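User: I'd like a close look at a single part of this model, the helix, please. Could you walk me through which way its residues face, and then say what the charged pairs elsewhere are doing?

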Amino acid sequence: MRARIFLPPKSAMQSGMARTHRWVLQYEPEKAKLRDPLMGWTGSDDMRQQIRLTFESREAAIAYAEAEGIPYDIEIPANRAKKPKSYADNFRVDRKENWTH
């Protein structure tokens, strides 16, 4: 069973970068989820899908995977461009964009 090592993205519900600096090792599903014919619920008998390990660094996650003999894929995130903004810029007279509200 393969695992993937990645940095989790920023949640859409938060403006900051909390919980995005620790590397995560998560197993890939071995087979598709099953649908219960009576109730319509989805489920799986694969318990490894529930495991999510966090590490301080990418090297620590790789060392753990190699020590346990787990094949892994690494997803390196793209650098995020930060645009510093000022609240006062919303009220500038020489705005380039139209006022939307």
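Analyst: Helices (H or I, at least four residues) and strands (E, at least two) are DSSP runs, numbered from the N terminus. Before going on, please keep in mind that this is a predicted model, where local features need pLDDT of at least 70 and side-chain atom pairs count only at pLDDT 80 or more, while totals for chains, interfaces and linings use all residues. Residues are numbered from 1 along each chain as its sequence is written, and side-chain values use heavy atoms, with hydrogens and water left out.

H1 spans residues 58-68, and Ala61, Ile62 and Ala65 are buried in it. Viewed down the axis of H1, the buried residues fall within an arc of 100° (taken from the directions from the helix axis to the C-beta atoms), so they line one face of the helix. As for the cover over the buried residues of H1, it includes S1, S2, S5 and S6, where contact means heavy atoms within 4.5 Å. Just after H1 comes glycine 69, with a positive phi of about 75°.

The structure holds 7 salt bridges, each defined as a side-chain nitrogen of Lys or Arg within 4 Å of a carboxyl oxygen of Asp or Glu. One of them joins the side chains of arginine 2 and aspartate 73, at 2.6 Å from N to O. Arginine 2 sits in the segment before strand S1 (3-6) and aspartate 73 in strand S6 (residues 72-75), so this pair ties together parts that are 71 residues apart in sequence. Arginine 2 is partly exposed, at a relative accessible area of 38%, and aspartate 73 is partly exposed, also at 38%.

Another salt bridge pairs aspartate 45 with lysine 31, with 3.4 Å between the closest N and O atoms. Aspartate 45 lies in the loop between strand S4 (42-43) and strand S5 (52-55), and lysine 31 in the loop between strand S2 (23-27) and strand S3 (34-35). Aspartate 45 counts as exposed at 52% relative accessibility, whereas lysine 31 is partly exposed at 47%.

Key
Buried means under 20% relative accessible area, exposed over 50%, partly exposed in between (1.4 Å probe, protein chains only).
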